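Please look through the sequence and the model shown below, and then read the report that follows with the structure at hand.

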Amino acid sequence: MGAKRIYQEYQRPILGLVSVAGLFLAWELVLTYLVPLNPFFFTKPSLIATAFQEQVLGGRLWHDLIISSRAFLWGFSCAIAVGIPVGVLMGWRRRAEYTLDPFLTALYASPLVALAPLIIVVFGVGLLAKSVLVFLLAVFPFIFNAFAGVRSTDRLLINVVKSFGGKEKDLYFKVILPSTLPYIVAGTRIAIGRGLVGIIVGEFVAASEGIGFAISRFGDTYQLPEMFAAIFFLMITAIVLTEGMRKLEAALAPWRVGQEAR
Amino acid sequence: MVPYIQAKNLNLTFRPKNRDPVTALLGLDLEASQGEFLSLVGPSGCGKSTFLNVLLGLLKPDSGDIRLNGNRITGPGQERAMVFQEFGLLPWRTVQANVELGLELKGVAAATRRQRSAELITLVGLNGFEQHYPHELSGGMKQRVGLARALATDPDVLLMDEPFAALDAQTRDLMQMELLQIWDRAKKTVLFVTHSIEEAAYLSDRVVIMTARPARTKSTIKINLPRPRDYEMRLSAEFNDIKARIWETLKEELMTRSAGDGS
Ligand SMILES: Nc1ncnc2c1ncn2[C@@H]1O[C@H](COP(=O)(O)OP(=O)(O)O)[C@@H](O)[C@H]1O
Ligand SMILES: [Mg+2]
């Protein structure tokens with residue numbers, strides 16, 4: 001009876017874990033007993049685990065990780081610093097919206113990674129070009145979400161603060177920003193995914209180091225377990241970052257807990 | 001002598017984009033003296049909230065003149081506060097922080113704010129809910145937070161837009177009594193919008209009956225019942241007589257409305 005209670009309580013993580021573990025197990029078993037493994041074309045979890053141990057935990061990839069993180073952090077910080085003010089401004093001032101909207105719509109709709117070769121031609125191989133690419137991909141979710149947040153601000157609340165003597169500054173800090181914050185956090189989750197794409201594409205196109213470069217090098221040299229180890233590491237990073245944002249959102253916006261569906 | 005509150009020939013038309021304009025106020029005249037308790041009743045959608053918002057300084061009339069103590073109203077001011085019909089609580093603030101909003105904007109020190117909000121939270125019966133967020137409260141509780149917030153800054157003029165509409169009958173009776181005490185003690189001027197004829201008759205010095213939209217004052221009924229008023233008074237023949245008179249006048253307007261555009 002105890003086990004049943006525990007199962008009902010934690011049904012979600014339990015089923016999730018079971019499905020993931022099942023997939024890996026099936027993968028391992030098929031390639032061990034059913035299909036002979038050709039290591040040039042494919043690999044299996046036990047080999048990936050060894051490579052992960054060696055490359056990621058053992059430190060061989062650390063240098064590449066640091067190189068990639070640096071570009072990610074630069075690009076991402078600039079995306080925050082530019083995206084939020086631009087979005088808030090567009091939301092609050094109609095003229096700013098009308099002026100900027102055509103560019104944003106065009107850029108957001110187009111696959112910006114197509115610009116990667118051009119960006120590398122202009123900015124050279126290295127940190128700057130990669131940061132620019134991350135910035136370009138990550139800035140839009142910040143702009144659009146900040147914009148949407150400001151637009152959804154309740155007029156009544158603006159009026160309430162005005163009626164108690166609030167000035168323009170109070171409207172920003174007591175109404176507009178708090179009401180926009182959850183939108184920005186949601187935008188951050190999207191921006192993380194897009195920013196990681198920026199890094200990897202940048203390093204695929206032209207680089208001599210970095211995690212994306214490592215992946216393509218492992219691929220070129222048929223080191224498939226190492227390649228998967230790096231890919232899984234990226235996946236884990238993305239999951240940790242986006243889930244971290246979810247937790248942060250709950251901490252920053254306790255009034256939304258229980259209101260918002262997942 | 002100039003009346004304390006004086007609205008003369010107020011006109012206001014809303015012009016929403018892509019929709020027909022709506023004239024909410026058409027030549028509205030209204031006066032109130034200092035310390036008076038004045039109720040406004042009228043068909044819903046006639047322009048009562050609009051009028052309170054003009055008086056609060058959030059809406060500008062297209063034409064006409066509105067004065068408080070002889071000075072034209074051009075914007076919000078510390079001497080006026082509103083209990084909003086749709087509550088208007090900031091969802092990211094706890095009950096306590098919501099009650100303190102006006103004090104904060106006035107620059108009152110944190111310790112004083114805390115003390116004042118504690119008093120008011122007790123007054124409206126929300127002890128134990130200080131740290132709750134609005135989404136955790138019932139409609140009636142939110143309304144009481146709105147009332148506490150308006151009282152916190154101790155305004156001379158209290159504008160109340162159907163402030164007790166979301167309360168259950170007992171809480172409503174209780175809050176009415178509290179309000180009369182506050183009004184009597186602090187000598188505030190109250191403009192009180194309500195749907196309840198009984199409530200208007202029980203609380204007010206005068207009841208202003210407004211026409212169907214666009215709003216004008218149709219007639220004013222003076223309530224000559226002695227004060228302090230108690231609950232038993234509501235059972236008297238005199239009280240029922242007053243209610244009947246208000247109803248007679250209001251009924252014609254309600255008929256106009258249902259015969260009209262039905263909004
Ligand atoms: N901001 C607005 N824009 C357009 N129409 C409005 C606005 N506010 C109120 N109205 C319209 O004005 C009329 C009067 O509204 P209101 O003053 O809220 O009536 P009530 O007497 O019920 O408080 C209604 O028909 C309403 O639809
Ligand atoms: Mg109203």
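The largest share of the shell around ligand 1 comes from H1(B), which gives 3 residues. Helices (H or I, at least four residues) and strands (E, at least two) are DSSP runs that are numbered from the N terminus. This is a predicted model, in which local features need pLDDT of at least 70 and side-chain atom pairs count only at pLDDT 80 or more, while totals for chains, interfaces and linings use all residues. Residues are numbered from 1 along each chain as its sequence is written, chains are lettered from A and ligands numbered from 1 in the order in which they are written, and side-chain values use heavy atoms, with hydrogens and water left out.

Ligand 1 sits in the largest pocket. The elements that give two or more residues to the shell around this ligand are strand S2 (22–32) and H1, both of chain B. A pocket is an open set of points, on a 1 Å grid over the protein atoms alone, with protein on both sides within 12 Å along at least five of seven lines, where a cavity would be a set of points in which a 1.4 Å probe fits but cannot get out, and lining residues have an atom within 4 Å of a point. A molecule sits in a cavity or pocket if more than half of its atoms lie within 2 Å of its grid points.

The residues around ligand 1 include Phe14(B), Pro16(B), Val22(B), Ala24(B), Lys48(B), Ser49(B) and Arg213(B), where a residue counts as near a molecule or strand if one of its heavy atoms lies within 4 Å of it. Val22(B) lies in strand S2 of chain B, and this residue is partly exposed because its relative accessible area is 27%. Buried means under 20% relative accessible area, exposed over 50%, and partly exposed in between (1.4 Å probe, protein chains only). The C-alpha atoms of Val22(B) and Glu162(B), which are 140 residues apart along the chain, are separated by 22 Å.

| Residue | Atom of the residue | Distance to an oxygen atom of ligand 1 |
|---|---|---|
| Gly47(B) | polar backbone atom | 3.0 Å |
| Lys48(B) | polar backbone atom | 2.8 Å |
| Ser49(B) | N or O atom in the side chain | 2.7 Å |

The protein covers 65% of the 560 Å² of accessible area that ligand 1 has on its own. Accessible areas come from the Shrake-Rupley method with a 1.4 Å probe, and for residues only the protein chains shown count as cover.

Ser49(B) counts as partly exposed because its relative accessibility is 24%, and Gln85(B) counts as partly exposed at 28%.

## Backbone details

Most residues other than glycine have a negative phi, and most peptide bonds are trans. Phe87(B) has a positive phi, near 70 degrees, and is placed in the loop between S6 and H2 of chain B. Phe87(B) is buried, with a relative accessible area of 19%. Asn69(B) has a positive phi too, near 55 degrees, and lies in the loop between strand S4 (63–68) and strand S5 (71–72) of chain B.

The peptide bond from Arg213(B) to Pro214(B) is cis, with omega near -5 degrees, and a cis peptide bond also joins Arg227(B) and Pro228(B), with omega about -5 degrees.

Note on methods. Polar contact = N/O pair within 3.5 Å; in protein donor to acceptor, adjacent residues only side chain to side chain.
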